[in-house]
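I opened this entry to look up salt bridges, the chain interface and the nonpolar cores. My notes follow in that order.

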Amino acid sequence: MARAAVSGRLTWRLATVTGSRWETPSVRTLVLDVPDWPGHLPGQHIDLRLTAPDGYRAQRSYSIASAWAGTGPIELTVQRLDDGEVSPYLTDTVEVGDQLELRGPVGGWFVWRETEPAPVLLVAGGSGVVPLMAMIRARGAVRGRQPFRLIYSVRTPADVCYAEELRRRVRDDAGLDVHLLYTRKAPEDSPATPKRIDVATLNTHGWPPDFGASCFVCGPTGFVEAAADILVALGHEPRRIRTERFGGTS
Amino acid sequence: MNELDGNAMAGDLLEVFAADATSARFTCAGCGHADALATLRMWGPAPGRVGRCPHCEDVVLRVVRAPDRIFLDLRGAVRLEFSVSGS
């Protein structure tokens, strides 16, 4: 991964949508060509702003889903919030060739650095998987040796983002484990029963606390608080647990 | 209103500070709790950013963006501590 700046002066840039794909029926990935993009670290986000013809502006933060390889486009994965002001535009209206105004990358706390040797536990609720996927991709890009585990909570099997890619990465990479947790409906061929994140899940599929793992938890507030509280109760050091809350639903 | 956290303030704060401020450690003037600004509780979208202490819920920091200026109210923070050894 190329060196990426965490700080620096911010400028709004006009990005061009060069591609898109649906991850689930309500989650869409946008591929963006951003002129003079300085590179980013996995976990960082961008601020995106939309300006209406009358000058009204709405600004939101979106996590970057892609890892930076020194060149190329960046990807955002956006979940449609039905009462949202910006996300339905990004999921349902924006087309290839459209331009979007954004600035970044920003954020230096909820970030994984490839130089950190510690094992990593990623805990995702719904579209909270996006910045964590950037970490998985960044680790893959540099062939990181740090063992990664992802615990990913979704409502139903149809709500899994990056499902194919995660399957492929787990198959090809002994250092990556993924455990899916279903809150409403489990796959029909699975013995799992739907449940919310709990002690047994984090104890069984996470790392033992004495491994000193770095934990990244991202999702809606209720999910983040439940998962972070359990990790602390299991003996993980609070300073090794980083959280990011977003306003989506899961 | 969506529940967010201090991570979402990174862009606005980077307009003011020379380094990422969400990694900086605040000490709450109300209860003495200390942690990264990224952990502040925030609700949005709103015209101003109000970051509350995750421990006592007192307002630690406010950022209000006007067309030609930024107002930063830090009276709820005793201090901000920035790491400068390779952030």
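I began with one pair: A:Asp47 and A:Arg103 are both buried, where buried means under 20% relative accessible area, exposed over 50%, and partly exposed in between (1.4 Å probe, protein chains only). The model is predicted, so I note that local features need pLDDT of at least 70 and side-chain atom pairs pLDDT 80 or more, while totals for chains, interfaces and linings use all residues. Residues are numbered from 1 along each chain as its sequence is written, chains are lettered from A and ligands numbered from 1 in the order written, and side-chain values use heavy atoms, without hydrogens and water.

**Salt bridges**

I took a salt bridge as a side-chain nitrogen of Lys or Arg within 4 Å of a carboxyl oxygen of Asp or Glu. A:Asp47 and A:Arg103 form one of them, with the closest N and O atoms 2.9 Å apart. A:Asp47 sits in strand β3 (residues 45–51) of chain A and A:Arg103 in strand β6 (residues 99–106) of chain A, so the pair ties together parts 56 residues apart in sequence. Helices (H or I, at least four residues) and strands (E, at least two) are DSSP runs, numbered from the N terminus.

Next I looked at A:Arg80 and A:Asp92, whose side chains meet in a salt bridge (2.9 Å, N to O). A:Arg80 lies in the loop between β5 (74–79) and α1 (87–93) of chain A, and A:Asp92 in helix α1 of chain A, so this pair links parts twelve residues apart in sequence. A:Arg80 is partly exposed at 23% relative accessibility. A:Asp92 is partly exposed at 45%.

In chain B I checked B:Arg41 and B:Glu3, which form a salt bridge at 2.6 Å, N to O. B:Arg41 is in strand β4 (residues 41–44) of chain B and B:Glu3 in strand β1 of chain B, so the pair joins parts 38 residues apart in sequence. B:Arg41 is buried, at 11% relative accessible area. B:Glu3 is partly exposed at 30%. I also traced a network: salt bridges with shared partners join A:Asp47, A:Arg103, B:Asp12, B:Glu15, B:Arg49 and B:Arg65.

**Interface**

How many residues of chain B are in contact with chain A? I find 25, against 26 residues of chain A; contact means heavy atoms within 4.5 Å. The two chains bury about 1,800 Å² between them, 48% of it on carbon and sulfur atoms. That area is the accessible area (1.4 Å probe) lost on putting the two parts together, summed over both. Three salt bridges run between chain B and chain A. B:Glu15 forms a salt bridge with A:Arg103, the closest N and O atoms being 3.1 Å apart. On the side of chain B that touches chain A, β1 (2–5) and α1 (10–14) of chain B are the elements that give two or more residues.

**Cores**

I defined a nonpolar core as buried Ala, Val, Leu, Ile, Met, Phe, Trp, Tyr and Cys residues joined through side-chain atoms within 4.5 Å. The largest has 31 residues, and A:Leu122, A:Leu132, A:Leu150 and A:Tyr152 touch the most other members. α2(A) gives the most to this core, with seven residues. I followed A:Leu150, which touches residues including A:Leu122, A:Ile136, A:Leu166 and A:Val178. Apart from this core lies another, of 21 residues, among them A:Ala15, A:Val34, A:Ala58 and A:Leu100.

Notes: Lists of a residue's contacts leave out its neighbours within four places in sequence.
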